[in-house]
Amino acid sequence: MSQPLPVEEPMTSTGDISVILSGKVMIPLHCDDCTESTDICLETLKKHGTYVCEHCASVHSFSDTELKLMRMMLGQAGYHFAL
Ligand SMILES: [Zn+2]
């Protein structure tokens, strides 16, 4: 699913501002093994379901459930992405 979404939205009168994130946006993910965080782009997470820690090279899986959870949390913060 890669339908183009409008990136810029007209200002709404409610004062709510939503930001549409592209799949290229980097999200910092915390590593359980070395407690450092690694920036991973959303597209990579969605495509591979795994990410590699850039500090200790530990491979972590990222399930659909986690992706949905992250999406929900970002949505609550006013960020949405089209994956
Ligand atoms: Zn690590």
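A: Buried means under 20% relative accessible area, exposed means over 50%, and partly exposed is in between. By that rule E43 is partly exposed, because its relative accessible area is 28%. Keep in mind that this is a predicted model.

Q: What does E43 form a salt bridge with?

A: With K24. The closest N and O atoms are 2.9 Å apart.

Q: And is K24 buried or exposed?

A: Exposed, with a relative accessible area of 57%.

Q: Where do the two partners lie?

A: E43 is in helix α1, and K24 is in the loop between β1 (19–21) and β2. The pair therefore ties together parts that are 19 residues apart in sequence.

Q: How many salt bridges does the count come to?

A: The count is 1 salt bridge.

Q: Where do C34 and C53 lie?

A: C34 is in the loop between β2 (26–30) and β3 (37–41). C53 is in the loop between β4 (50–52) and β5 (59–61). So this pair ties together parts that are 19 residues apart in sequence.

Q: Is C53 buried or exposed?

A: Buried, with a relative accessible area of 2%.

Q: Back up a bit. What pattern does the chain follow?

A: Along the sequence, β-β-β-α-β-β-α-β. That is 2 helices and 6 strands. Of the 83 residues, 25% count as buried.

Q: Which residues make up the largest nonpolar core?

A: There are 12: L21, I27, L29, I40, L42, L45, Y51, F62, L67, M70, L74 and F81.

Q: Which element gives the most to this core?

A: Helix α2, with 3 residues. β2, α1 (42–48) and α2 each supply at least two.

Q: Why might such side chains group like that?

A: In soluble globular proteins, nonpolar side chains tend to be buried together.

Q: Which residues make the nonpolar surface patch?

A: L69, M72 and M73, with a patch of about 310 Å². M72 sits in helix α2 (residues 64–76).

Q: How much relative accessible area does M72 have?

A: 48%, so M72 is partly exposed.

Notes:
Residues numbered from 1 in each chain as written. Predicted model: local features only at pLDDT ≥ 70, side-chain atom pairs only at ≥ 80, totals over all residues. Heavy atoms only, no water. Helix = DSSP H or I, 4+ residues; strand = E, 2+ residues; numbered from the N terminus. Buried < 20%, exposed > 50% of the residue type's maximum accessible area, 1.4 Å probe, protein only. Patch = residues over 30% accessible without salt bridge, like charges linked within 9 Å, V, L, I, M, F, W, Y side chains within 5 Å. Areas by Shrake-Rupley, 256 points an atom, 1.4 Å probe, with all protein chains shown as cover. Salt bridge = Lys/Arg side-chain N within 4 Å of Asp/Glu carboxyl O. Core = buried A, V, L, I, M, F, W, Y, C linked by side-chain atoms within 4.5 Å.
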